[in-house]
Amino acid sequence: MPRFCAALLFLLAFPVHAAQLSAERVVDAVYAIIGPLGQRSPDNDGLNANFGFVVTAQGVILIDSGASRLGAQKIAAAIAQVTDQPVRWVINTGSQDHRWLGNAYFASQGAELIALTRSAATQAEFSAQQMRTLAGFLGARLDGTQPLPATTRLAGDEACLTLGGESVCLRYTDAHFPGDAWVWLPKRSVIFSGDLIYVDRLLGVLPWSSVKKGQAAFHALEALQPKYIVPGHGAVSDLAKARRESGDYEDFLANTIGGAARDMESIAVTLDKYADLPQFKHLHNYTELHRANMNRAFVEFESAP
Ligand SMILES: [Zn+2]
């Protein structure tokens, strides 16, 4: 096939207007990459979530690798806007598609893939299901994506590592997916919360999420008093906003809905009673998710009060 023809086909298959990402400085050499709030699409390459990175004297530490090979390349391009340093480490905060399906791309560029043991195990467990679902959203733009769970697996419930003088501490949150974790930078007072915290968008409770663990993890995060929070979804925020938009909602689900389940109240009556919550109504996805979230919280507390 003539070369110009191949190039044309490439452009048709991968339109150049596909949304790019940019890095935003949080503090010092810590950056956030804030993805859009909506659903996964060919245009956003499944990067409807947040990522981040730290530039150190010995290379870049990337937090989460995106949902596909092309998505990982967009993240790499956002990093390249800021530094020429190579990505040395990829740390995964969890096992949802956009947290780790770009791992293989960064490994091919020489990065080490790091996660807590249970995060890596959950990645392996959910990978086939996630690739199927993503194929529906991304179509041909998923081509070339190889699910590669983290290969450096850290034992224990918490672990701290240092690269180029920058300490990063992982700790389980187990909220959105089992084995989810946060990444805490004590020196910078920055936390990458993973899917423990959503702002601007209502957090989602999935069949495998735990409201009980999410609530406990949020309280543990508050005790750290981080100055900057890079949430799983939504803008970089302070602790007060994270408290209002995620912490208060976790408390509501655990205390009010969980309390109704413990008191053996009717699930239908409970869901109707709390259908309308003015303090969370402005958040994206409220209409779509709130009732199902309450339902899953109720069931969690009913089966393990
Ligand atoms: Zn997410």
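This note describes the overall build of the chain and then one of its strands.

1. The structure is a predicted model, in which local features need pLDDT of at least 70 and side-chain atom pairs count only at pLDDT 80 or more, while totals for chains, interfaces and linings use all residues. Residues are numbered from 1 along each chain as its sequence is written, and side-chain values use heavy atoms, with hydrogens and water left out.

2. The chain holds 9 helices and 12 strands; these are DSSP runs numbered from the N terminus, helices being H or I of at least four residues and strands E of at least two. Its radius of gyration is 20 Å, close to the 19 Å given by the globule rule for 305 residues, so the chain is as compact as a globular protein of that length. The radius is taken over C-alpha atoms, and the rule is 2.2 Å times the number of residues to the power 0.38.

3. Of the 305 residues, 54% count as buried, meaning under 20% relative accessible area with a 1.4 Å probe, protein chains only.

4. Strand β10 (residues 181–185) is mostly covered, since 5 of its 5 residues are buried. In a regular strand the side chains alternate between the two faces of the sheet. Ala181, Val183 and Leu185 point one way from β10, and Trp182 and Trp184 point the other way.

5. Strand β9 (residues 166–172) runs antiparallel to β10, joined by 4 bridges; two strands pair if DSSP finds at least two bridges between them. Here Arg171 stands opposite Trp182.

6. Strand β11 (residues 190–198) also pairs with β10 in the antiparallel sense, over 3 bridges, and Leu185 stands opposite Val190. The hairpin of β10 and β11 has 4 residues between the strands, and Ser189 takes a positive phi near 55°.

Note on methods:
Buried means under 20% relative accessible area, exposed over 50%, partly exposed in between (1.4 Å probe, protein chains only).
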